[in-house]
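Dear colleague,

I am handing over the structure we spoke about, with the sequence alongside.

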Amino acid sequence: CGNSSMSGDMYSAGYHSITNIDYSSVCISSMSARYSDCPSMTWHQMDVSQLSFPDASFDVILEKATLDSIMVEEKTPWEVSPQTACFIHKALTEV
């Protein structure tokens, strides 16, 4: 989710069933207030490593900088550690 206007822009473009997650409760609080006029947009403070959505909850996932933050310790995005590769695989297959 972050603090970009992407979710609001998508909502304005006609995509109304939008679920936003962020690790920061401050971000979620701020963004949910900013877009309080978008009733079908939901906001969840959640750790991407411990998502609590049932399997197959979403038709489409847009990832916007989550992998960047997960891979911050890696020397190159082309040769990630086995631990990071395992985490990315787990996160992507759970949704």
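Glu63 sits in the loop that runs between β2 and α3, and in this model, which is a predicted one, the residue counts as partly exposed because its relative accessibility is 39%, a value that falls between the limits of under 20% for buried and over 50% for exposed. Although 29 residues separate Glu63 from Leu92 in sequence, the two lie 9.9 Å apart in space, taken from C-alpha to C-alpha.

The space inside the largest pocket is about 1200 Å³. Which elements supply at least two residues each to its lining? They are α1 (6-12), β1 (18-22), α3 (66-70) and α4 (82-94), and of the elements it is β1 that gives the most, with five residues. Sorted by class, the lining of the largest pocket comprises 24 nonpolar residues, ten polar ones and five charged ones.

Helix α2, which covers residues 25-34, deserves a separate paragraph: Cys27, Ile28 and Met31 are buried there. These three residues lie on the same side of α2, because they cover an arc of only 95° around the axis. In general, an α-helix has 3.6 residues a turn, so residues three or four places apart point the same way. On the other side of α2, by contrast, Val26 and Ala33 are exposed.

Turning to the chain as a whole, its secondary structure amounts to four helices and two strands, which follow the pattern α-β-α-β-α-α when read along the sequence. The C-alpha trace spans about 45 × 25 × 25 Å along its principal axes. Of the 95 residues in the chain, 23% are buried, and the accessible surface of the chain comes to about 6800 Å², with 54% of it belonging to carbon and sulfur atoms. Among the contacts in the chain with a separation of 6 or more, 48% are between residues 24 or more positions apart.

With best regards

Definitions and conventions
Residues are numbered from 1 along each chain as its sequence is written. This is a predicted model: local features need pLDDT of at least 70, side-chain atom pairs count only at pLDDT 80 or more; totals for chains, interfaces and linings use all residues. Side-chain values use heavy atoms; hydrogens and water are left out. On a 1 Å grid over the protein atoms alone, a cavity is a set of points where a 1.4 Å probe fits but cannot get out, and a pocket is an open set with protein on both sides within 12 Å along at least five of seven lines; lining residues have an atom within 4 Å of a point. Grid points are joined across faces, edges and corners, and a volume is the space filled by probe spheres set on the points. Ala, Val, Leu, Ile, Met, Phe, Trp, Tyr, Cys and Pro count as nonpolar, Asp, Glu, Lys and Arg as charged, and the others, Gly among them, as polar. Buried means under 20% relative accessible area, exposed over 50%, partly exposed in between (1.4 Å probe, protein chains only). Contact means heavy atoms within 4.5 Å. Accessible areas come from the Shrake-Rupley method with a 1.4 Å probe; for residues, only the protein chains shown count as cover. The arc is that of the directions from the helix axis to the C-beta atoms.
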